[in-house]
Amino acid sequence: MSEITVINPLNRPLVGSIAVPGDKSISHRSVLFSAMAEGTSRISGVLDSDDVRSSIRVVQQLGAQVNLEKMPDGSLSGGITGWGAAGPKQPDEPVDCGNSGTTARLIMGILAPWDIQVEITGDASLRSRPMQRVATPLARMGARFLPEGTYTLPMTVCGTSKLKAITYETPVASAQVKTAVLLAGLSAEGETRVVEPAPSRNHTELMLPEYGAETIAATRLAGVTGPVTLKAAEITVPGDPSSAAFLLCAAAIIPGSAVQIEGVSLNPARIGFLRTLEHMGVDASRRSVTEGGKEIVGLLNAEYCPHLRGCEVPTEKIASLVDEVPILALVAAHAHGITVFRGIDELRVKETDRVAAVIEGLGVLGVDAWTEGSDLYVEGNPGLKVPKGARFNAHNDHRLAMTWAVAGLAGNEPVQIEGYDSIAISYPTFMQDIDRLAR
C-alpha cells in the first residue's frame, strides 16, 4: 500500500502571481527531438519531473549526450548532442520508460526507421496501457513489433531503414499517436500524414520546424516530408498549462482567491479548461505576451466564483482539456446543476482509469457522478462539505493526486490521500507553490 498523505484545509485565499514548471509535453519533445538531431541543441525551462527524467534516461541509453543542469527555479537547462544521421545505437538492455506513456509511444516512432531491435518496457502502470494504437500505423510503415500480436509493454521494436510514408486516419485524437507516426515519417521517402477525428495537441508540428523539418499543421491534419535529418535547435520551454489548471481551479473554489500564472503556454489545444471555467461562470482570462518559437506564451488569470454553474463540454473539445477533466470535475462538484463531459473514453486509458477514479473520489465527497455511454455526468452540490475522515486513492496518478489535494485545501476537514507522491510525475513543487500563494 502507498504512503498516506494528509492535506489540511487551507482556510486562506490563494492570491498573487506565480510561474509554474515547464510544460511536460514540450519538455519531452525538446529532449527527444534534440536527441534525434545533428549537433548540440540548447534547451531551457525543461520540467524536472519523473516522466521527463524517463525520456532523458532513454535517449542516453540510445547514444545521445545529455548535459542538463538544475537551475535555481528548479528547471533543467543545457545541451543535448544528438545522434543525427548516424542514428541511435543498439542499447545493451531494454529501455525503461518508467511511468511515461509519452516516452514509450514517441520512442517507438523514433526507433522505427533504424535497423536495430530495442525492447521497451516500463512500470506496472505503463505496462497495462495500450500500445497497439501506435504499433498499428508504424507496422503499416514497415516496422515490426515482437512478440507479434502484443498490445502492451514490454515489446520489442524491430526497425527498418526502408520505412514507407503513409496517410493514416487514426481512430483516436491522440498527440502521442500522431507524433510517433510523424517522427517515423521523418525518415520515410515522401509525405507522411495523420488525419484525426478531432484536434489534439500540436506541439510536434509547431516544434519540428525549429529543428529544420517541413511540417503540415492544419485542423485535424498533420504531416511531415522526408527524409530529413533534424538539426540542432534552441528551445525555451514555457510553463505548463495543465499544471496551471490546478492552481486556477483551486482559486475558483477557494473564497477570496485571485491567481495569475506567468509565462505559460497559451496553445489553444491546451487551454480548453479555461473556456470550461468561463462557461461555469468563473472570471478567467488569458493575455498573450510573447512567442517561444510558434508557441504562444502569456498570462492566465482566474478568481473565486461564488455562483458556479454546471455546463456541457462537447466531445470535440475534450482533447483540449483531457488532462484537466479530473480537476474540472471537482469544480463541477461545487456548482449548481449538472456538468457533462462528453466523449471521455480516452480518460480510461491514462495512468489509471480516470473516469472510474473520478466517480470514486467524488463519491467520497458525497457527490453523485456517473457515466452514460462515453459521457461523464457530475451533479453539483453548492456548499459542498468534506466529510470527516475522507480518504482518497490517487491510484498513483498525478492528476488525481493533485485533484484530491485541492479538494482538501478547499474543504473544511483534512483529507487523506493514498498515492499522493505521484505528483512528482508532472508537478513536484505543487504544494510549495500553493504555500507561496496562500495569504
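Guide: The buried residues of α4 are covered by elements that include α3 (101–111), β8 (144–146), β10 (167–169), α5 (175–185) and β11 (190–195). Buried means under 20% relative accessible area, with exposed over 50% and partly exposed in between (1.4 Å probe, protein chains only). Helices (H or I, at least four residues) and strands (E, at least two) are DSSP runs, numbered from the N terminus. This is a predicted model, in which local features need pLDDT of at least 70 and side-chain atom pairs count only at pLDDT 80 or more, while totals for chains, interfaces and linings use all residues. Residues are numbered from 1 along each chain as its sequence is written, and side-chain values use heavy atoms, with hydrogens and water left out.

Helix α4 spans residues 132–141, and its buried residues are Arg-133, Val-134, Ala-135, Pro-137, Leu-138 and Met-141.

Contact (heavy atoms within 4.5 Å) joins 23 residues of domain 1 to 24 residues of domain 2.

Next come the spaces. On a 1 Å grid over the protein atoms alone, a pocket is an open set of points with protein on both sides within 12 Å along at least five of seven lines, a cavity is a set where a 1.4 Å probe fits but cannot get out, and lining residues have an atom within 4 Å of a point. Grid points are joined across faces, edges and corners, and a volume is the space filled by probe spheres set on them.

The largest pocket has a volume of about 620 Å³. Its lining has 34 residues, with Ala-173, Ser-174, Val-322, Glu-346 and Lys-350 closest to the centre. Two or more lining residues come from each of α1 (24–36), α3, α5, α9 (315–318) and α12 (398–409). By class, the lining holds ten nonpolar, ten polar and 14 charged residues; Ala, Val, Leu, Ile, Met, Phe, Trp, Tyr, Cys and Pro count as nonpolar, Asp, Glu, Lys and Arg as charged, and the others, Gly among them, as polar.

The second largest pocket holds about 460 Å³ and lies between the domains, because domain 1 and domain 2 both give residues to its lining. Of its 23 lining residues, Val-20, Pro-21, Asp-73, Gly-74 and Ser-75 lie nearest the centre. Elements β3 (40–46), β15 and α13 (430–437) give two or more residues each, and α13 gives the most, with three. The classes are eight nonpolar, nine polar and six charged.

Strand β15 covers residues 258–265 and includes Ser-265, which counts as buried because its relative accessibility is 0%. Leaving aside neighbours within four places in sequence, Ser-265 is in contact with residues including His-203, Pro-238, Glu-295 and Ile-296.

One cavity of 30 Å³ or more is counted, and the largest cavity has a volume of about 40 Å³. Leu-330, His-334, Leu-365, Leu-384, Val-386, Ala-407, Ala-410 and Gly-411 line the largest cavity, giving six nonpolar, two polar and no charged residues.

Note on methods: Domains from an automatic or database assignment.
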